Amino acid sequence: MSYLDQKVAPKREERLGTCVDFGGSACDLKKSFNGGCLRNNDRGFCQGSICQLLPGLSMLNTIPDSVVIVHGSLGCGGAGHSQSAAVRGRQILAGSTNPRGTLWLSTNLNEMDVVTGGEAKLAEAIIEADRRYRPESIIVVSSCVPGIIGDDLDGVVARIQPQVNGVILPVHCEGFKTKVMATAYDAVYHAISRRLLEKEEEEVRLIPDELEEAAEKIRRSRQVNLMNVSSGTPGDEKELTRLLNALGLEVKIFPCFTHPDDVKYAAEAALSISTCPTHDDYFLKYLQEKFGVPYLLRYMPIGIKNTNSWLREVAKFFHLEKVAKRIIERETDELELALQPLRQTLKGKKAMLSAGEVRTLATAGWLQELGLEIIAVRPYHYDEFGEPALDKLIEHDPGLQANVGTVQPFETVNIIEKNKPDIYLGHNSDNIWAAKSGIPVLPVYGGPNTYVGYAGAFDFARNINRVLKNPSFNQNLMKNVRQPYFKSWYTDQPYKYIVQGSEDL
Ligand code: SF4
């Protein structure tokens with residue numbers, strides 16, 4: 001059911017029963033989640049989690065011809081500095097010779113605003129952003145302070161919209177409201193759907209004459225929405241577009257780096273294809289409900305098996321199974337040949353992983369296929385979208401250790417100390433703790449690499465092999481830095497602070 005008639009998207013704890021606190025076996029994780037036993041889990045001690053504003057801004061800062069106004073205290077927008085650099089880097093990698101980065105402003109609420117309210121400052125910031133930059137859209141992101149003092153974000157937007165040219169998108173991303181940072185994806189899609197798609201519904205369906213209508217119908221019958229994620233790279237988009245083009249499909253990519261004027265085309269596709277189920281379900285269900293666009297939302301195409309399943313599912317929808325079979329045979333034959341020398345060095349090496357739920361679990365599956373031993377998976381959260389990938393891991397290793405937590409570095413270092421992995425693959429916010437523990441690390445997204453499809457499968461194998469060849473940098477790093485934990489913590493039980501079914505919630 002779409003939640004679009006509500007001002008604010010629900011948090012994932014409520015919508016999906018998403019869990020962020022678990023430590024134990026992967027089998028227990030699956031059983032406990034399906035039995036509804038993880039809803040009230042909590043941590044007695046929590047360290048270095050991620051506020052939903054961060055992934056929210058990492059999507060919003062990619063929208064071209066827009067200004068992002070962070071409504072809150074100045075620090076809440078701090079991620080804008082690094083994200084602007086990341087967006088510029090991404091634009092360069094995608095071939096831009098004039099990378100623009102992002103335009104972001106802050107309403108810079110102070111102590112006095114907490115008492116008197118921040119609505120006047122917000123109205124002023126919106127008018128100023130429109131006057132200075134003349135953007136196509138003005139994205140207003142609410143953080144904790146306005147959420148706590150009760151600023152009426154939607155009321156300000158409704159009042160100011162007639163005075164400005166840019167479409168204003170109110171995004172509710174208050175960090176204190178949820179422990180599941182993936183709630184941000186829903187908050188962003190909620191705003192995009194309500195402000196950029198709902199008003200375009202009639203326009204999308206207008207077609208001038210019968211001949212054009214027939215031609216348009218044929219074109220749309222082969223047009224697909226390929227959902228990207230802010231953590232996806234140009235290499236990822238190129239690889240998946242290549243595979244879909246090989247099926248004869250025309251690809252439009254949403255929502256990151258999509259111009260606000262072009263979002264309406266998402267409503268006219270024959271099919272929406274997710275690249276990460278945990279990222280896209282909110283939007284794809286809405287597109288189906290409102291515009292009748294069916295969707296595929298089961299696999300993240302990481303590794304050979306997942307990419308094969310992802311491609312087969314798309315092909316089945318268009319009755320192109322035979323074409324897909326030929327593509328899969330050709331791609332896997334070539335890939336297996338290239339992987340042969342790498343498989344020998346990777347076999348038996350121990351790996352540990354952390355990131356968003358599907359990325360972690362799907363990447364772990366690929367490493368198992370490559371012959372590595374997975375000692376632990378640390379998804380940032382867990383819910384129904386993790387199950388298909390988790391099932392594959394359990395099938396391979398029923399005793400696999402699973403630790404659900406958003407960063408929580410004290411648990412990371414404890415598990416590393418006890419299991420001594422050969423390599424750690426994660427977000428940079430996790431990798432740093434493994435690096436300081438002397439373990440070679442590799443990012444699981446971002447930069448110039450490719451992570452998905454057949455090209456991504458090869459890139460992973462090649463990069464792991466390269467990193468394992470010379471671990472001396474991290475070993476030296478460990479000798480020259482100090483971790484902030486007592487020695488006794490390393491002999492303690494890593495999940496001792498996870499409370500089952502906390503009464504406080
Ligand atoms: S938790 Fe609240 S105050 Fe902190 S960065 Fe997130 S929105 Fe801002």
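Modeller: Val-377 has Ala-402 in β13 as its bridge partner. This belongs to the pairing of β12 with β13, which is parallel and rests on two bridges. Strands are DSSP runs of E with at least two residues, helices are runs of H or I with at least four residues, and both are numbered from the N terminus. Two strands count as paired if DSSP finds at least two bridges between them.

The model is predicted, so local features need pLDDT of at least 70 and side-chain atom pairs count only at pLDDT 80 or more, while totals for chains, interfaces and linings use all residues. Residue numbers start from 1 along each chain as its sequence is written.

On β13, Gln-401 and Asn-403 are buried on one side, and Ala-402 and Val-404 are buried on the other, which leaves both faces of the strand covered. Buried means that 20 or more other C-beta atoms lie within 10 Å of the residue's own, exposed means 12 or fewer, and partly exposed is in between, with C-beta atoms placed from the backbone.

β13 also pairs with β1, here antiparallel, through four bridges. In that pairing Phe-22 stands opposite Val-404 of β13.

β12 (residues 373-379) pairs with β11 (residues 350-355) as well, in the parallel sense and over six bridges.

Put together, the open sheet has six strands in the order β1-β13-β12-β11-β14-β15, with mixed pairing. Its edges are β1 (22-25) and β15 (441-443), each of which pairs on one side only. From one strand to the next the twist averages 15°. Angles run from 0 to 180 degrees between N-to-C directions, and axes are lines fitted to C-alpha atoms, for helices over the stretch in contact.

Helix α18 (residues 409-419) packs on this sheet and touches β11, β12 and β13 (401-404). The direction of α18 makes about 170° with that of β12. Contact between two residues means that their C-beta atoms, placed from the backbone, lie within 7 Å.
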